[in-house]
Amino acid sequence: MTLLIDGHTFHYEMENLCRLFFPYQKIKVLGKFPENCKEKMLIYTGIKKEPNGLTLTVRVQFGEYCREETEWIGSPECGNENEQERHMAVLLFRLLTAYCGFVPKWGILTGVRPVKLLRRLISEMGETKALDFYQNQLLVSEQKTKLSLLTMQNEGKILSLSKPESFSLYISIPFCPTRCSYCSFVSSSVEKTAKLVPEYLRLLCREIEHTAQVAASLKLRLETVYIGGGTPTTLSAEQLDTLLSTIRRSFHLSACREFTVEAGRPDTITAEKLLSLKKHGVTRISINPQTLNDEVLKTIGRRHTAEQTLSAYALARDLGFDNINMDLIAGLPKDSLESFVSTLDRVIGLAPESITVHTLSLKRSARLFQDESEPFRNDTQTAEQMIDYADEQLLKYGYKPYYLYRQSRMVGNLENTGWVKPGFESPYNVFIMDETHTILACGAGAVSKIKDPYSDSLNRIFNFKYPYEYINRFEEMIIRKDQVKANYGKFCRISERTPSD
Ligand code: SF4
């Protein structure tokens, strides 16, 4: 597909919109038609200046099919680039909707944080006008508008817990027992990288100690700890013990509201490991079935069965874990609506404190989308029905949505929603999604986000992506970490203040 951009700079938004409808197409973005263009799928988007305004034109030409829409916008809107972009997005959205016969429920929104956007709109124009704009100008469906509003109300209580000196700690364990076919993270199969784990852990502990010194020198207050990945429970019980002891020794945890460890893959969970987590004060774990259909589990390359998920869950309950999250994915290959419904019903029957319902994201780097011998084609309508069923049932069984985000290339342009029983929210998930406060992150692929407590300004400090780079260039990365202090120095004089309670 070729996307032409003429007289404007909205190529990013236009490309993302095209991707909503054609997730598998390679999209070439050009400034003018190439000579002798033989492209069968052409989209033209252009802005022409007129004496009193602008004319926007969008044309789709797919073989014999050709449709065009134009719109004239006068002042004051024509002077506002955001409005120009929105008008053009609406034109393109209408044309693609008509051609594809499907209406994405998030309208022209392609960003990852729709709830944050709604919050900003409400603060700028009041709730009534903001909801009207969300639905009628951004074309978000009534159903997703309600979901956004409910999520925003629920997350609001958690956001207010964060103070200017608050921060969260994220630790990355980028190893998994096998690589899921839909995975696009840096995680490596532990079978291939097992020999790196001891050295990785040794250096990770050093980075944690160094990060704690930086946080202490800035008088920051640790609100939440989140160990994710990858699958942290690929570490042995002794290795987990070393990691958790280092965290406890290095940081003040007296104000810590949450200590989560993702025990994502049930085949990595043992009583010994769970006891190690308990001993070190871990308050919340995640056991992720993704699906309870063994056929689908096999297709997506997870080497465990539904039965193992159920046993791991029962074991965690027996050992006293009273805050367990379970992740599910809608839109998995070879999954059907009936099988998803059965998975969700069984998971609700287990009564975990939270259930996170993801929609499959069609990331190019994932094996699932590279294996051309057996191309995976998603069924958008089925994924939508899965998400609709989940929303309905979870509300019915007393769960409430409290954080929500989207990724690029999600099946049907849907969303990921964290559902929780009141009182068991994970503040970390809200803080990271909202970018409320600083996240200091340790480990390969981790990204520290340094947030100015008094404005929206946020700087990122990237760690090396892969474990071997992390190990080989560790000292370089530690020096990079010192930018945290420099950032805070620029943001505010927080180091001269005494932390409040
Ligand atoms: S468990 Fe998560 S991080 Fe690990 S391979 Fe699967 S999707 Fe990737």
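This report walks through a few local features of a predicted model, from its confidence scores to single residues.

**Confidence**

The mean pLDDT of the protein is 91, and 95% of the residues reach at least 70. One stretch to treat with care is residues 494-501, where the pLDDT is below 50. Beyond near neighbours in sequence, that stretch has 20 contacts in the model.

**A pair of packed helices**

Two packed helices are described by the angle between their axes and the distance between the axes. Here the pair is α12, spanning residues 337-350, and α13, spanning residues 380-396. Their axes lie 10 Å apart and meet at an angle of about 25 degrees. Because angles under 35 degrees count as roughly parallel, α12 is described as roughly parallel to α13. The crossing of α12 past α13 is right-handed.

Which residues in α12 and α13 meet? From α12 come Leu 337, Phe 340, Val 341, Leu 344, Asp 345 and Ile 348. Facing them in α13 are Thr 382, Gln 385, Met 386, Tyr 389, Ala 390, Gln 393 and Leu 394. Sorted by class, this contact holds nine nonpolar residues, three polar ones and one charged one.

**A covered helix**

Next comes helix α14, residues 427-434, which is mostly covered, with eight of its eight residues buried. These are Pro 427, Tyr 428, Asn 429, Val 430, Phe 431, Ile 432, Met 433 and Asp 434. Just past the end of α14 sits Glu 435, with a positive phi of about 55 degrees.

Most residues other than glycine have a negative phi, and most peptide bonds are trans. Against that background, a few places in the backbone are worth a look. Lys 334, which is not a glycine, has a positive phi near 65 degrees. Lys 334 belongs to the loop between β12 (324-330) and α12, and this residue is exposed, with a relative accessible area of 59%. Ala 351, also not a glycine, has a positive phi of about 60 degrees. The loop between α12 and β13 (354-359) holds Ala 351, which is partly exposed at a relative accessible area of 27%.

There is a cis peptide bond as well: it runs from Gly 229 to Gly 230, with omega near 20 degrees. Gly 230 lies in the loop between β9 (221-229) and α8 (237-250).

Where is Cys 180 placed? Look in the loop between β7 (175-176) and β8 (188-189). Leaving aside residues up to four places away in sequence, Cys 180 touches Arg 265, Ile 300, Gly 301, Arg 302 and Arg 367. Cys 180 and Arg 367 are 187 residues apart along the chain, yet their C-alpha atoms are separated by 8.1 Å.

Thr 57 sits in strand β4, residues 53-62. With residues up to four places away in sequence again left out, its contacts are Tyr 44, Thr 45, Gly 46, Glu 68, Glu 69, Thr 70 and Met 88.

| Residue | Relative accessible area | Class |
|---|---|---|
| Cys 180 | 8% | buried |
| Thr 57 | 15% | buried |
| Ala 351 | 27% | partly exposed |
| Lys 334 | 59% | exposed |

Definitions and conventions
Residues numbered from 1 in each chain as written. Predicted model: local features only at pLDDT ≥ 70, side-chain atom pairs only at ≥ 80, totals over all residues. Heavy atoms only, no water. Axes fitted to C-alpha atoms, helices over the stretch in contact; angles between N-to-C directions. Helix = DSSP H or I, 4+ residues; strand = E, 2+ residues; numbered from the N terminus. Parallel < 35°, antiparallel > 145°, perpendicular 65-115°, else oblique. Left-handed = near helix turned anticlockwise from the far one by under 90°. Contact = heavy atoms within 4.5 Å. Nonpolar A, V, L, I, M, F, W, Y, C, P; charged D, E, K, R; others polar. Buried < 20%, exposed > 50% of the residue type's maximum accessible area, 1.4 Å probe, protein only. pLDDT = per-residue confidence, 0-100.
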